[in-house]
Every structure is written in structure tokens, then in C-alpha cells.
Amino acid sequence: MDSAHVQDDLVKVLFTEEQIHEKVRELAQRIEQDYEGKNLLIVGILKGAVMVMADLARAFNRHVEMDWMAVTSYGSGTKSSGVVRILKDLDTDVSGKHVLVVDEIIDTGLTLSWLTSNLCSRGPASVEIATLLRKPDAQQMPVEVKYVGWDIPDEFVVGYGLDYNESYRNLRDIGTLAPHVYS
Ligand SMILES: O=P(O)(O)OC[C@H]1O[C@H](OP(=O)(O)OP(=O)(O)O)[C@H](O)[C@@H]1O
Ligand code: HPA
């Protein structure tokens, strides 16, 4: 993390800012159609989902409620700790509401699998998931995901909310880091 510019540590760009925005607009259109005539609460999972929540919400023409949860499943670095804990719960009572959980990545599936069953126990009208990225080869827990931007290989990625040790979230593109960053 010693380069002057945050983008200098990327070894490969997977998706550019333009591609990401186009994809988020596509997802927003599908979601708008599917939830026509229904109340909709989108729940962003902090901190990584901040960018995708902001772009998705602004791509809607419809009314939408927004709320946030923070959970922890990752230790420092690139490996999941395997334990999910709520750090910040919803301010909203979800009973009777259509809930769409928004995240930027599903990796092992552990976080979202735990979170959706937790939310389902609160009596919502429905719970679905939207994620920008998913790593099918890394999946350890089955998660039913209605909206997926892209399936990607099992590589650690940063940018557009995704961090490595709390850095790189502000990168506009999504990519992989040069090996020297990890050493
Ligand atoms: O499918 P999984 O293996 O459970 O990984 C996915 C989770 O990991 C990331 O969050 P992270 O715990 O890194 O927190 P952050 O959003 O604050 O970076 C991401 O935002 C997902 O919530
Ligand atoms: O590939 C990743 N990058 C950053 N954060 C993550 N959390 C789960 N997978 C990832």
C-alpha cells in the first residue's frame, strides 16, 4: 500500500467504471420491473456495498427505502473467519416488507446465507439478494441469488467498495492486486 496512486497497485482490471455503471443500471431495470406495485426496502451490507447501493438506488425511478446492516465474517486480509456476527442491525422493522439485500460480492456464501435466514425469521413479505459479483468456485454455502452482475473466478478483487485491509474501496474500477501488495 505504498504507491502514490491507489490505482497503481492493480495488476489487472476486471471491470471498468463504465462497465460497472452499465451493469448496475441493467440490474436496477430488472429490479424495478420485478417489484412494480410493491413496497421495496433495499438493505446494504456495510461497508463494501456502499458504492453499489448508492448507484443502484439512484438508477431507480421508483420510490425505495434504504437501510443498512454491518456484519463481520472476515478477519484481516483475504480469508473469511467463518463466524458471522451483527455489528449494526437494521433501523427498520421488515415485517410485511419486500426486502432486497444488496452486496457487492458473494464469495464463500457464508455471510449472505446466514443473513438471509436471519432476515427471513423477521416476517418480511420476501427476501431476495442482489450482488454485483459472485465467485461460483469459492462457494461453500448455498445461497439463492436473484440478481447477479457477473460471475468471476476465485481471485481476490478490490475496488468499488471492495477492500484489502480497508484500502482500495475508493478505486473506481474493480481489479486484482499486484503480488507485492500482499508481501
Ligand atoms: O460470501 P462471503 O465469503 O461471506 O463474503 C462476502 C462478504 O464479504 C464482504 O464483506 P466483508 O466481510 O469483507 O466486509 P466489508 O464489506 O466491510 O469489507 C462482502 O461485502 C460480503 O458481505
Ligand atoms: O474478493 C474479495 N475482495 C474483497 N473483499 C472480499 N470479501 C469477500 N471476497 C472478497
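**Overall fold and local features of the predicted model**

The model is a predicted one, and its C-alpha atoms fill a box of roughly 50 × 35 × 30 Å along the principal axes. Buried residues make up 29% of the 183 residues. Of the contacts with a separation of 6 or more, 66% are accounted for by residues 24 or more positions apart.

The protein chain contains 3 helices and 8 strands, which follow one another from the N terminus in the order β-α-β-α-β-β-β-α-β-β-β. Strand β6 (residues 126-134) is largely enclosed by the rest of the structure, because 7 of its 9 residues are buried. Strand β6 runs parallel to strand β5 (residues 98-106), to which it is joined by 8 bridges, and within this pairing V99 has V127 of β6 as its bridge partner. Together with helix α3 (residues 110-120), β5 and β6 make a right-handed β-α-β unit. Strand β6 is also joined to strand β7 (residues 147-151) by 4 bridges, again in a parallel arrangement, and here R134 is partnered by D151 of β7.

Ligand 2 is surrounded by 8 residues, of which I105, D107, F156, V157 and L162 are the closest. The shell around ligand 2 divides into 6 nonpolar and 2 charged residues, with no polar residue included.

Most residues other than glycine have a negative phi, and most peptide bonds are trans. A cis peptide bond, with omega of about -5 degrees, joins L46 and K47; K47 is found in the loop between β2 (41-46) and α2 (50-59). Positive phi values are found for N165, at near 50 degrees in a residue other than glycine, and for Y168, at about 80 degrees although Y168 is not a glycine either. N165 is placed in the loop between β7 and β8 (174-177), and Y168 likewise lies in the loop between β7 and β8. As to their surroundings, N165 counts as exposed because it has 12 C-beta neighbours inside 10 Å, whereas Y168 has 23 other C-beta atoms within 10 Å and is therefore buried.

Methods:
Residues are numbered from 1 along each chain as its sequence is written. Chains are lettered from A and ligands numbered from 1 in the order in which they are written. This is a predicted model: local features need pLDDT of at least 70, side-chain atom pairs count only at pLDDT 80 or more; totals for chains, interfaces and linings use all residues. A residue is near a molecule or strand if its C-beta atom, placed from the backbone, lies within 6 Å of it. Ala, Val, Leu, Ile, Met, Phe, Trp, Tyr, Cys and Pro count as nonpolar, Asp, Glu, Lys and Arg as charged, and the others, Gly among them, as polar. A residue is buried if 20 or more other C-beta atoms lie within 10 Å of its own, exposed if 12 or fewer, and partly exposed in between; C-beta atoms are placed from the backbone. Helices (H or I, at least four residues) and strands (E, at least two) are DSSP runs, numbered from the N terminus. Two strands pair if DSSP finds at least two bridges between them. A crossover is right-handed if, with the strands pointing away from the viewer, the path from the first strand over the helix to the second runs clockwise. Two residues are in contact if their C-beta atoms, placed from the backbone, lie within 7 Å.
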